[in-house]
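Work through the exercises below with the sequence and the 3D view side by side. Try each task before reading its solution.

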Amino acid sequence: MDTTQKAVKRQASFCNAITFSNRPIVIYEQVRLKITKKQCCWSGALRLGFTSKDPSRINPDTLPKYACPDLVSQSGFWAKALPEEFANEGNIIAFWVDKKGRVFYRVNDSTAMLFFSGVRTAEPLWALIDVYGLTRGVQLLDSEIIPPDCLRPRSFTAIRRPSLRRETEDTRLSVSLCDLNLQEETFHVTATTCPIPQNSLNSQHSHLLPSQLESDLRFHHLRGPHVKILDDQTVARLEHAREERTLVFTSRPLRINETIFVKINKSNAVRTGTLSYGVTSCDPSTLRPSDLPYNPESLVDRKEFWAICRVVVPLQSGDILGFTVNSDGELHLSHNGAGIGMQVCADCSQPLWMFFVLHGAIMQIRLLGSTILAERLGLSTPSSPTSTPSSPTVLCSGVSGPLLSTCGSGPLCSSISGTAPNSPSSLPESPISPSVSGPWGDECTICYENMVDTVIYSCGHMCLCYSCGLKLKKMANACCPICRRAIKDIIKTYRST
């Protein structure tokens with residue numbers, strides 16, 4: 001806190017910085033503050049509200065870390081989180097309460113908006129300001145009184161009367177010093193690592209995240225025209241109700257065994273649909289916005305590798321998804337710490353960018369970061385092909401170059417045939433029968449007529465022609481003729497000669 005007791009700055013972590021005004025606030029008095037410091041590595045923003053408890057009688061040691069939901073669960077405290085998009089440096093936030101207990105706020109000179117209601121106005125009220133998350137520093141400005149006859153929020157925007165300002169020294173607002181309860185903790189943030197906050201918005205899931213995440217991952221500047229990229233290229237927001245041309249890409253290719261964490265920032269339960277995602281060998285830098293189709297399935301006409309799936313589990317705001325591509329080219333998904341299983345099989349010998357398609361109920365997502373550490377949201381990356389996912393697997397096979405496989409809620413997503421990929425997918429060795437060295441076998445083990453050109457997933461045996469493979473896959477309880485393991489899919493291969 002500065003010497004004027006008007007400006008405060010959180011010194012460490014992302015929380016534990018609840019402050020109050022030094023005197024009670026009168027009805028219709030605007031508490032005006034300026035955001036002086038923003039720290040982009042956190043989630044969540046400023047919390048604003050009121051309390052009927054005299055701060056001078058509060059023991060700082062009894063204050064919780066979070067105003068929401070911890071403090072507001074106690075009697076006499078009311079607060080709510082400011083939307084993250086308003087928590088930018090230089091913004092001036094004004095908030096006040098009317099005689100009906102309704103709290104309004106506005107940003108700079110924008111239209112006043114209803115914040116929340118239910119405040120008891122029969123008692124003296126002190127302003128409550130939680131310097132939280134993205135917001136690291138704030139400064140109190142001179143307060144202003146809103147005339148009681150201006151009851152409609154839209155009428156508040158033009159009120160700026162100097163005669164109503166409180167100019168005397170004894171009535172000026174400042175921050176109560178006893179309420180900035182800062183911990184004496186060491187906190188280091190480097191340019192490439194960023195700890196994840198255990199905040200009230202995602203506290204039910206964030207304990208499953210690694211202690212540190214790489215923060216170099218961003219959304220690529222190339223995006224669909226109906227998507228807006230915010231907050232240092234880490235947030236993608238759907239701008240319109242239309243669901244076409246809403247693709248966003250990662251700014252760089254994925255690393256092997258790297259887990260990318262994505263948070264569902266905003267969802268709309270009224271709408272149907274969920275988040276789609278996938279991987280591609282196409283460098284987004286080589287594309288133009290006009291190249292992005294209205295329907296992502298149209299990408300099948302391109303020469304690069306494209307594979308796309310949908311998240312089949314229900315999603316809601318605050319959920320955290322983890323995506324990992326292992327050394328076998330398998331993309332695994334986790335949801336709030338629970339492994340969903342392998343979703344897409346891709347060729348990881350070439351660079352792979354990840355992309356997302358916002359549509360349906362998913363309105364906004366955030367890239368939290370990535371890690372290649374062992375701790376990963378409980379992902380069940382199989383050490384051998386005998387491992388089975390904890391829930392039905394959705395498989396998109398990289399059979400062809402111009403491939404876009406759309407996975408629904410069914411157990412399997414069939415392959416789409418086409419031209420050969422730029423390089424063949426790496427195949428896992430069978431734990432039962434070792435892979436055969438030397439030249440490929442010539443005859444199919446079923447028909448003994450056609451040449452062998454098909455690999456069985458997931459055991460990796462290459463012992464069939466494509467025609468027999470298709471027939472075998474359609475049979476009930478289809479299994480590999482070599483090891484008798486269940487057939488998840490068949491992959492046609494192409495010789496380089």
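**Exercise 1.** Which side chain meets that of E258 in a salt bridge?

*Solution.* This is a predicted model, in which local features need pLDDT of at least 70 and side-chain atom pairs count only at pLDDT 80 or more, while totals for chains, interfaces and linings use all residues. Residues are numbered from 1 along each chain as its sequence is written, and side-chain values use heavy atoms, with hydrogens and water left out. Begin with the criterion: a salt bridge is a side-chain nitrogen of Lys or Arg within 4 Å of a carboxyl oxygen of Asp or Glu. The partner of E258 is R252, at 2.6 Å from N to O. Next, look at R252 again, whose side chain also meets that of D216 in a salt bridge of 3.1 Å.

**Exercise 2.** Decide whether R252 and D216 are buried, partly exposed or exposed.

*Solution.* Recall the cut-offs, calculated with a 1.4 Å probe on protein chains only: buried means under 20% relative accessible area, exposed over 50%, and partly exposed in between. R252 has a relative accessible area of 12%, so R252 is buried. D216, with 31%, is therefore partly exposed.

**Exercise 3.** Find the salt-bridge partner of E84 and classify both residues.

*Solution.* E84 forms a salt bridge with R366, and their closest N and O atoms are 2.4 Å apart. E84 has 16% relative accessibility, so E84 counts as buried; R366, at 4%, therefore counts as buried too. Finally, widen the view: K38, E84, D231 and R366 are linked in a network of salt bridges.
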